[in-house]
Amino acid sequence: MADDAYKNRNPGRGGETHQVASGGTPVMTTEQGIPVADDQNTLKVGERGPSLLEDFHFREKIFHFDHERIPERVVHARGFGVHGFFEATESLSEVTRADPFQEVGRRTPVFVRFSTVAGNKGSFDLARDVRGFAVKFYTQEGNWDLVGNNIPVFFIQDAIKFPDVIHSVKQQPDRGFPQAQSAHDNFWDFISLTPESMHMVMWVMSDRAIPRSFRFMEGFGVHTFRFINLAGVSTFVKFHWRPKLGLQSVMWNEAVKINGADPDFHRRDLWDAINGGSPPEWELGVQLFDDAFAEAFEFDVLDPTKIIPEEQIPIRIVGRLVLDRTVDNFFAETEQVAFCTQNVVPGIGFSNDPLLQGRNFSYLDTQLKRLGGPNFTHIPVNAPRCPMAHFQQDGHMAMKNPVGRVNYEPNSWGEHGGPRECPERGYPHFPSQEAGEKRQVRSESFADHYSQARQFFISQTAVEQKHIGDALTFELSKCERADIRERMVAHLRNIDEGLATAVAKGLGLAVLPDALPPARAPIDLPPSDALSIVKRGPNSFKGRKLGLLVTDGADAGLVRGLIAAAEVEGAVAEVVAPHIAGVTLSNGGLLPAKQKIDGGPSVLYDAVAVVPSPEGAQRLAMDKTAKDFVSDAYAHCKFIAYAPGAEPLLERAGIAATDLDEGVIALDGPDAAKAFIEACGQVRLWPREAKVDLDAV
Ligand code: HDD
């Protein structure tokens, strides 16, 4: 639609109206509003002569273009932001005065930006990496930014090491690569010399680091924060976002292929879900605890490399997050949004976690560099949605400027003298008792680096453990220096001997290196099922995507039945065909395609249905991309349905009759489509992995 294709980009400077030509078309103007007569040719002397400096339209256009880019974020450069709301489903007024939690049903608008960490802005979505999960709550008492990740712990304990861990993971400075990956010497060198990172390493090498999409991952505030109630009483809190669609990841071999097939896989997924009318939702859970628990807990609650298992402090669900609106303009919103951990509102407070304390400096500082001046709160996506009044003024690009002569306080202008501080409503810093020598130290209470790493590992299913071992082996195989590989294996021995042995074998180490002496001997912790993705399987195909491979003559009843069954389940069926124009079904009906087969490999789908006509199957059996479609789906443990007559394609794709398992389902009965979609609720048939991967345990 014309309205959607072009909206006036300069509202506020000319409003939504245009200078119009006689036919009603908006007239192009310069940024000064001067109508433009020719936007194809610069002003020249004669037809073939030199261009003239006088051409102000040309100069303005090129000048503006030259300055389109702002510095990308030093980390989390590649991100995708959307709007939504947070709704309280439980009142927390007894523990916090924070506005979003005061009453059931209160809705607070939010802007959420998901991101990868290491890659540059133009890198791919399926990097093996931590994902950022940053939420800006526009509360009635100011903006609260909960700047979290999809992993509840971090690599380092003290913010002073942040530049080091980030330098080590990003491109090596001499060569400018590798891009968006941790599989290189610098990263593993730093990590293997930083034992406090071992717990995080387990998470980052797990499938959590290759999520199926943003919609299927958890989020965590990571640090211990404080809730503070009206009486000034503080309760410690940890924040958890839980996706209502469940957790899901892809396999590494799949991730590698998705990056080629669709480097925007995650952002497209979120865009499609929201604009397709299925806004994703998360629950907000809180773990609340007091000083007595903090004292008794095995680890320091200020140590960001530790979780508090939910078996010890249950997660209380207090609200839901709904993301239901994509941005109007990527640059204006996603690129310019400025999250700052220092943005807290009355009722939310910091703890002494040294990583959090350091972050509270870094975020404000980085926005100045990125956005060019101190007035980034004037940019709509960053502006609070509640009234503001202060005496900060001027600076680059000041957009909201007070009128009147008073710009200081105290002043004697009485009621015309502007805003005044308000102890009763103002932000109360929690008056914690602090004392001690000034020292550069790491607390002894932060010294256990392996116990929770081990707990995470033993909490995983065998499949997930294998993936961790495979990921470590892959990453370390990319390290050129043998001593770095060995040092990592020496750490792993403190986590799990089986894992250390598997990785040593995968790397071809002749001898298992001695375990590195731990700063503090690890303790045995019980497994926690909540840490596994597979143990919390979704049992529903809702929100997933079925790839339907069809040819001319495909059985109309079957195809329509599959599409309907997927829709009933809340899933999407996407048609993949030899030509983008689509196919003519057995009943003569036309079925448009969403993808031409080489543009729609099966890695883009959660399950596939192979529904060619028998002749079509014979032809597809000769086609490399069609064979890949099927063989990849099988290798990635996906559920595969096939129409009668599709067997030749399956066979040529390497699925012999003896390979058929309960995940390869013949569409041969009246309820076959429905039964297949139900089976897809498992999402993966993990036992198959042992058949397709030689190293399988
Ligand atoms: Fe950070 C961005 C999350 C530690 C310094 N961080 C950034 C973003 C997320 C996180 C999600 C992207 C925000 C957006 O979408 O715009 N960072 C974390 C988490 C951490 C963490 C969960 C540990 C628990 N970060 C951390 C430390 C420092 C920083 C210790 C510095 C001392 N982070 C930054 C930054 C960034 C940033 C340089 C880059 C761009 C930005 O802030 O706006 O200031």
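Visitor: By class, how many nonpolar, polar and charged residues are in the lining of the largest cavity?

Guide: Keep in mind that this is a predicted model. The lining of the largest cavity is made up of 21 residues. Sorted by class, they come to 11 nonpolar, 4 polar and 6 charged.

Visitor: Which residues are closest to the centre of the largest cavity?

Guide: This cavity holds about 190 Å³ of space. Of its 21 lining residues, the closest to the centre are Pro152, Phe220, His240, Ile307 and Ile308.

Visitor: Which strand gives the largest share of that lining?

Guide: Two domains contribute to the largest cavity: domain 1 (79–378) and domain 2 (454–535) each supply at least three lining residues. By secondary structure element, the largest share is 4 residues, and it comes from strand β7 (residues 234–243).

Visitor: What is the lining of the second largest cavity by class?

Guide: The second largest cavity has about 140 Å³ of space. Its lining has 14 residues, with Val117, Asp129, Val130, Phe155 and Val169 nearest the centre. By class, the lining splits into 10 nonpolar, 2 polar and 2 charged residues.

How values were computed:
Residues numbered from 1 in each chain as written. Predicted model: local features only at pLDDT ≥ 70, side-chain atom pairs only at ≥ 80, totals over all residues. Heavy atoms only, no water. 1 Å grid on protein atoms, 1.4 Å probe; cavity = no way out; pocket = protein on both sides within 12 Å on 5 of 7 lines; lining within 4 Å. Points joined across faces, edges and corners; volume = space filled by probe spheres on them. Helix = DSSP H or I, 4+ residues; strand = E, 2+ residues; numbered from the N terminus. Nonpolar A, V, L, I, M, F, W, Y, C, P; charged D, E, K, R; others polar. Domains from an automatic or database assignment.
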